[in-house]
Amino acid sequence: MKIGIFGGSFNPVHIGHLMLASYMQQFEGFDEVWLILSPLNPLKANPSELIPDLTRLKMLEIAVAGVAGLKVSDIELSMPRPSYTINTLRYLAKRYPRHSFRLIIGADNWKIFSQWRDSEKIIEEFGVTVYPRPGYTIPTIYDDNVDVVSSAPLAEISSTFLRKAIARGKDMRFFLPQGVENFIRDNNLYK
């Protein structure tokens, strides 16, 4: 099986994340897309903004419950921190030798991809699929094992925007999966 690895803090997971994961799975040749919760991204500016790992994991599970082709993985929660994508991909390849894994990242991350630990090894060993992000251009010259998906839908929405809006008491029901919106409200998150 060809598995797309879509990692993130998912703080919170929102419809943009799910729209992209679903698009990749249905239109870009992935048998499944695994949403991997990152407990600590070494390139994120404010790790203090993260709510607990298991709370974010629960929101991911709610978001993809019953959706064919999308799965949630908590693999990085049991790995050393900070989590490095190369270690995650190698661990997954060893654990699931019948699957092939490919990293899915946005143009925003592609811009800083050279800062990722062993970025060239990620490209060489697994490959990268880059999707568009508003305000970022994707270079036209890239390695053989890097695909650019220019037709993926764009969503100008971010978890940062949602956290701030929720803290101000805004109604975000159309930006979040219904179950996630209910979970955030019921657990008084991001207030």
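**Note on the predicted model**

1. Val149 lies in the loop that connects β6 (146–148) to α6 (helices are DSSP runs of H or I with at least four residues, strands are runs of E with at least two, and both are numbered from the N terminus). The model is a predicted one, in which local features need pLDDT of at least 70 and side-chain atom pairs count only at pLDDT 80 or more, while totals for chains, interfaces and linings use all residues. Residues are numbered from 1 along each chain as its sequence is written, and side-chain values use heavy atoms, with hydrogens and water left out.

2. Is Val149 buried or exposed? With a relative accessible area of 5%, Val149 is buried (buried is under 20% relative accessible area, exposed over 50%, partly exposed in between, with a 1.4 Å probe and protein chains only). Apart from neighbours within four places in sequence, Val149 has contacts with Tyr23, Met24, Glu28, Thr129, Val130, Tyr131 and Pro132 (a contact is heavy atoms within 4.5 Å). From Glu76, 73 residues away along the chain, the C-alpha atom of Val149 is separated by 26 Å.

3. The protein has seven helices and six strands. Their order from the N terminus is β-α-β-α-β-α-β-α-α-β-β-α-α. The radius of gyration is 16 Å, close to the 16 Å of the globule rule for 191 residues, so the protein is as compact as a globular protein of that length (the radius is taken over C-alpha atoms, and the rule is 2.2 Å times the number of residues to the power 0.38). Along the principal axes, the C-alpha atoms fill a box of roughly 45 × 35 × 35 Å.

4. Of the 191 residues, 45% count as buried. Contacts between residues at least 6 apart in sequence join residues at least 24 apart in 67% of cases. The accessible surface is about 10300 Å², and 49% of that belongs to carbon and sulfur atoms (Shrake-Rupley method with a 1.4 Å probe; for residues, only the protein chains shown count as cover).

5. One joins Asn11 and Pro12, with omega about 5 degrees, and Pro12 is in the loop between β1 (2–8) and α1 (15–27). Another runs from Arg81 to Pro82, with omega near 0 degrees, and Pro82 sits in the loop between β3 (70–73) and α3 (85–95).

6. Phe10 is in the loop between β1 and α1. Its phi is near 50 degrees, a positive value in a residue other than glycine. Phe10 is buried, with a relative accessible area of 3%. Tyr190, in the segment after α7 (178–186), also has a positive phi, near 65 degrees. Tyr190 is buried at 12%.

7. Which residues does Arg163 contact, leaving aside its neighbours within four places in sequence? They are Asn11, Pro12, Glu49 and Tyr190; Asn11 and Pro12 are the pair joined by a cis bond. The side chain of Arg163 reaches the backbone oxygen of Asn11 at 2.6 Å. Arg163 belongs to helix α6 (residues 159–167) and is buried, with a relative accessible area of 13%.

8. Ser119 is in helix α5 (residues 119–125). A relative accessible area of 7% makes Ser119 buried. Not counting residues up to four places away in sequence, Ser119 touches Phe113 and Ser114.

Key
A polar contact is a pair of N or O atoms within 3.5 Å; within protein, one must be able to donate a hydrogen and the other to accept it, and residues adjacent in sequence count only if both atoms are side-chain atoms.
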